[in-house]
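Work through the exercises below with the coordinates loaded. Each task is followed by its solution in steps.

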Amino acid sequence: MKIVIGADHRGFSHKACIKERVQVADKSIEWLDVGAYNADRSDYPVFVEAVCQALLERRADFGILLCGSGVGMSIAANRFPGIYAALAWNEEVARMSRQDDNANILVLPADFVSHEQAIAMVKSWLQATFKQGRYQERLTMVDNLEVD
């Protein structure tokens, strides 16, 4: 499984910890790290675009984004057709975002969760399976929404 991961300066330390600790737990994971590569101030849209493009170009199976609140990254990522980015703040929300909504990007609010909580959420999210059926029907409805 290949996961593309990106974070701004506020999510940088969480990103490093997730890559290290989740890799130890599951050696089948290959990481595609699109930055940031240090804790210097950076702009989250750069990393959103890199993660979304990697998914849309099928260079990765799933994506993870981290910033301070997670809100900006969620908004930006969901502008891309075919991207279902879910902001999670606990394991249950992370798991359900995959089970019920087939989220292909997990967004984490680094300022509001510990490294341990972030790792637990990533593991729950990766272990979950999309339910299909009526849940897929709802996603199809979302994909067909028209804004005037």
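**Exercise 1.** Which residues in H5 are buried?

*Solution.* The model is predicted, with local features needing pLDDT of at least 70 and side-chain atom pairs counting only at pLDDT 80 or more, while totals for chains, interfaces and linings use all residues. Residues are numbered from 1 along each chain as its sequence is written, and side-chain values use heavy atoms, with hydrogens and water left out. Helices are DSSP runs of H or I with at least four residues, strands are runs of E with at least two, and both are numbered from the N terminus. Buried means under 20% relative accessible area, exposed over 50% and partly exposed in between, with a 1.4 Å probe and protein chains only. By this criterion Ala-118, Ile-119, Ala-120, Met-121, Val-122, Ser-124, Trp-125 and Leu-126 of H5 are buried.

**Exercise 2.** Describe how H4 and H5 pack.

*Solution.* Step one is the axes, which are lines fitted to C-alpha atoms, for helices over the stretch in contact; angles run from 0 to 180 degrees between N-to-C directions. The axes of H4 (residues 91–99) and H5 (residues 115–127) come within 8 Å and cross at roughly 25°. H4 is therefore roughly parallel to H5 (under 35 degrees; over 145 is roughly antiparallel, 65 to 115 roughly perpendicular, the rest oblique).

Step two is the residues in contact, meaning heavy atoms within 4.5 Å. On the H4 side these are Glu-91, Ala-94, Arg-95, Ser-97 and Arg-98, and they meet Ala-120, Met-121, Ser-124, Trp-125 and Leu-126 of H5.

**Exercise 3.** Is Ser-97 buried or exposed?

*Solution.* Ser-97 lies in H4. Its relative accessible area is 5%, so Ser-97 is buried. Beyond four places in sequence, Ser-97 contacts Ala-86, Asn-102, Ala-103 and Trp-125.

**Exercise 4.** Locate Val-113 and list its contacts.

*Solution.* Val-113 sits in the loop between S5 and H5. Its relative accessibility is 7%, so Val-113 counts as buried. With neighbours within four places in sequence set aside, Val-113 is in contact with His-14, Trp-89, Ala-118 and Met-121. His-14 is 99 residues away along the chain, yet the C-alpha atoms of Val-113 and His-14 are separated by 9.2 Å.
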